[in-house]
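This briefing accompanies the structure shown below. Please keep the sequence and the 3D view at hand while reading the points that follow.

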Amino acid sequence: MLSYRHAFHAGNHADVLKHLVLLELLDYYGRKDKPWYYIDTHAGGGCYALDSEQAGKTAEAADGIGRLWGREDLPPAVASYVEAVRQFNPQGRLLFYPGSPALAMTRARAHDRLRLFELHPADFESLQRTFTSEQERVQVRRADGFAALKSLLPPPSRRAVVLIDPPYEVKEDYRRVVDTVRDAMRRFPTGTYVVWYPMLARTEARQLPGRLAQLGAESWLDVRLAVRDAPRDGLGMFGSGLYVINPPWVLPQRLEAALPWLVERLGIDGGAGFDLEHHIE
Ligand code: SAM
């Protein structure tokens, strides 16, 4: 079943948190000359037109990146993220939203590499189109990202950021995330793994960060941003989180400076808030 299309959600509050953290990680990896690999197991379509029928239907970007656009008082991590989105909107109007692979590409140097997996035929095609001129640095495959990850670990440079960002349309995704990370940590213990998860009433979603913690990584960070109260009917996402294994030591500090501001800007009701926990060796 492949009904999820990221175009409906591109640029929403969850993308803001995920993409801001992703850029922070790649900036840290870029401090050393040694090449990095960016592996995106669920890459999406690459770049999204916000005036498309899909994006227009939900207008989720308006309550995400739209609330940050044009502001001057951005904390450093938010400013760096908004600046990256700006590169796709050179006219100054917010018309395009870059997905995780496109944002990662803004940080890629000549010797860094992107490895992208996407199953949906239309998103795969659009992803391929986005990177046609980048065949040396970027490889795009139409494959199951959970299964394919193992073929890339460990990467030749022994430096990688892996984003695992499934749609969680099916219950199976929750189990596969944990199994995939467990296997990846065995093959390549020093990689940085980022798992995106939705804040939802459903049990599997609530249990996911705890199950990732049980994998026993010594260094980890768990960040959550809620934009509203949990809905009374138990339906619908009210925020999102990222569980990061082997985060850089600078990440908590950068997030602490950004999260209260993001809650203020992106919060919809009194349930808005953040949580940040970490242990970095
Ligand atoms: N990472 C993207 C970003 O941040 O811009 C968004 C990805 S979206 C949440 C999830 C994507 O995973 C969808 O485009 C979906 O078609 C794709 N997908 C679903 N199951 C997959 C699988 N097993 N392997 C690879 N891609 C999958």
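In this predicted model, helix H1 (residues 13–29) and helix H9 (residues 251–266) pack at an angle of about 160 degrees. Angles over 145 degrees count as roughly antiparallel, and H1 and H9 are therefore roughly antiparallel to each other. The points below continue with this pair and then turn to other topics.

**Helices H1 and H9**

- The axes of H1 and H9 lie 12 Å apart, and the crossing of the two helices is right-handed.
- On the H1 side, the contact is made by His13, Val16, Leu20 and Glu24; on the H9 side, it is made by Leu251, Arg254, Ala258 and Leu266.
- Sorted by class, the contact of H1 with H9 has five nonpolar, one polar and two charged residues.

**Helices H3 and H9**

- Helix H3 (residues 76–86) and H9 have axes that come within 7 Å and cross at roughly 80 degrees.
- H3 contributes Pro76, Ala77 and Val78 to the contact, while H9 contributes Arg254, Leu255, Ala257, Ala258, Trp261 and Leu262.
- By class, the contact of H3 with H9 has eight nonpolar residues, no polar residues and one charged residue.

**Helices H1 and H3**

- H1 and H3 pack at an angle of about 100 degrees, and their axes are 9 Å apart.
- That angle makes H1 roughly perpendicular to H3.
- The residues of H1 in this contact are His19, Leu20, Leu23 and Glu24, and those of H3 are Ala77, Val78, Ser80, Tyr81 and Ala84.
- The contact of H1 with H3 comprises, by class, six nonpolar, two polar and one charged residues.

**The ligand surroundings**

- There are 21 residues around the ligand, and His42, Gly44, Gly99, Ser100 and His120 come nearest.
- The shell around the ligand has eight nonpolar, seven polar and six charged residues.

**The loop between H6 and E6**

- Pro154 is found in the loop between helix H6 (145–148) and strand E6 (160–164).
- The peptide bond from Leu153 to Pro154 is cis, with omega near -5 degrees.
- Arg158 also has its place in the loop between H6 and E6.
- Although Arg158 is not a glycine, it has a positive phi of about 55 degrees.

**The protein as a whole**

- The protein has nine helices and 10 strands.
- Its radius of gyration is 17 Å, close to the 19 Å that the globule rule gives for 281 residues, so the protein is as compact as a globular protein of that length.
- Taken along the principal axes, the C-alpha atoms of the protein fill a box of roughly 45 × 45 × 40 Å.

Definitions and conventions:
Residues are numbered from 1 along each chain as its sequence is written. This is a predicted model: local features need pLDDT of at least 70, side-chain atom pairs count only at pLDDT 80 or more; totals for chains, interfaces and linings use all residues. Axes are lines fitted to C-alpha atoms, for helices over the stretch in contact, and angles run from 0 to 180 degrees between N-to-C directions. Helices (H or I, at least four residues) and strands (E, at least two) are DSSP runs, numbered from the N terminus. Angles under 35 degrees count as roughly parallel, over 145 as roughly antiparallel, 65 to 115 as roughly perpendicular and the rest as oblique. A crossing is left-handed if the near helix is turned anticlockwise from the far one by less than a right angle, and right-handed if clockwise. Two residues are in contact if their C-beta atoms, placed from the backbone, lie within 7 Å. Ala, Val, Leu, Ile, Met, Phe, Trp, Tyr, Cys and Pro count as nonpolar, Asp, Glu, Lys and Arg as charged, and the others, Gly among them, as polar. A residue is near a molecule or strand if its C-beta atom, placed from the backbone, lies within 6 Å of it. The radius of gyration is taken over C-alpha atoms; the globule rule is 2.2 Å times the number of residues to the power 0.38.
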